[in-house]
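Hi everyone, thanks for coming.

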Amino acid sequence: MFDESLALLRHGYAWLPDLTRRQAPGPVRTRLLGKPAVALRGPEAVRFFYDEDHVRRRTALPEPVLSTLFGKGAVHTLDGPEHRTRKELFVGLLKERAAVKDLTEHVTVEWERALGEWRARSRVHLFDEAGLLLTRAVCTWAGAPLADQPERDVRELARDLAAMVDGFATPGPRHWRARRARSRQEERLATLVDELRRRALAEQAPAVTSSHEVVRAVAAHRDADGAPLDARTAAVEILNVLCPTAAIAWYAAFGAHALHRHPELREPLARDRDGYGRAFAHEVRRFYPFAPFVAGIALSRVEWHGEPVPEGALVLLDLYGQNHDPQLWQSPYVFDPTRFTGREPARDELVPQGGGEATTGHRCPGEDITVAVLAALLPRLARLDYDVPAQNLHIPLHRIPTRPRSGFVMAHVR
């Protein structure tokens, strides 16, 4: 089989679904990054993929992704007891109902504050501004000090967090911006962790004063071996809270795009009755592309529906393909929030941020925050009155991660 790495770069999100259509039925077989690869989709495939007897994550993530999106030594690279111990830290910080509510309230406060500035401008670049207000909110909530920093440093942090996400799956300038951004912010946060530890030791006080103070909690965390994280790895894990929260800006721009394409949905979203805002958030996450797939390595020779998966092969879980699979979704390329009115999606059905169990597996523990923040912000966006000037709202599927090319520009917000 030919290696498909260049085809992935050319076709982006469409690459794996197209390959699946050509090879159906059965698992998709190909080569990627020089390795044999098998691609799967569907709820049963999700359960197979996240079974640690079948697939491991350690060493599966390529170096360019570690140096941009996740960071070296991150929880995403661990398996077994090491992963479970580190994951407990994130579950405690990000999945408690009080924590989700508190962070969402910080975001809505920043949104209202930003509105005052937006009304004074002729144009607002929603993607950039959403990233900035999300950065302010998550840093305040997480205990990463911003109040004493100049405005230019706050904006640099917001740009760096966006750059880490924007450059993980591409060669060229975007990728090198992402590497520089991660190195800069890891260094800054490692210094902060060292300062917190020295202060806690000098004061003989506990390092954590609130379960929502992410920076202090990570600084105090001890891994499965009983040792604290080194300062650089602690910085990596702090960024793995800040960065995904700031990345909700992608979905904010997608939500604005959906409202522009479907103006009939503005009124029910603005009213937000019977959980419509949450249903709209789920449909934005299903319909619009973010992560194309996740990957692991077959731990031993295993079988999928009688088909052999060789030891050491890449196993790809097709997230974008599953979220648009006609066997799971009626008219999957139609944007329809009523799919989720009156119900929450099943655990392994909707997988924009991975599948499986968040508390013990590799599913993103910040998914509840993403949904809650979108359910709070998108109805507020629907209540805004603004003009949409001429701009390029095309969403290119070859670009990973993609977004409307213009970032969604609003004029005369009122």
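**Cores, a helix and some holes**

Okay, so let's begin with helix α5 and what covers its buried residues: among the covering elements are α6 (97-118), α7, α10 (214-220), α11 (231-246) and α16 (367-383). And keep in mind that this is a predicted model.

Which residues of α5 are buried? They are G80, H83, R86, K87, L89, F90, V91, L93 and L94. The helix itself runs over residues 80-94, and its 15 residues reach 21 Å from first C-alpha to last, close to the 21 Å expected.

Now the cores. The largest nonpolar core has 102 residues, and W118, W141, L242, F280, L381 and M410 have the most contacts inside it. Helix α7, residues 126-142, gives the most to this core, with 11 residues. Apart from that one, there's another core of 18 residues, including V38 and V351.

How many cavities of 30 Å³ or more does the structure hold? Four.

Last stop: D336, in the loop between α15 (319-323) and α16. Is D336 buried or partly exposed? It counts as partly exposed, because its relative accessibility is 27%. D336 and F287 are 49 residues apart in sequence, and 8.8 Å apart in space, C-alpha to C-alpha.

Terms used: Residues numbered from 1 in each chain as written. Predicted model: local features only at pLDDT ≥ 70, side-chain atom pairs only at ≥ 80, totals over all residues. Heavy atoms only, no water. Core = buried A, V, L, I, M, F, W, Y, C linked by side-chain atoms within 4.5 Å. Buried < 20%, exposed > 50% of the residue type's maximum accessible area, 1.4 Å probe, protein only. Helix = DSSP H or I, 4+ residues; strand = E, 2+ residues; numbered from the N terminus. Expected span 1.5 Å × (residues − 1). Contact = heavy atoms within 4.5 Å. 1 Å grid on protein atoms, 1.4 Å probe; cavity = no way out; pocket = protein on both sides within 12 Å on 5 of 7 lines; lining within 4 Å. Points joined across faces, edges and corners; volume = space filled by probe spheres on them.
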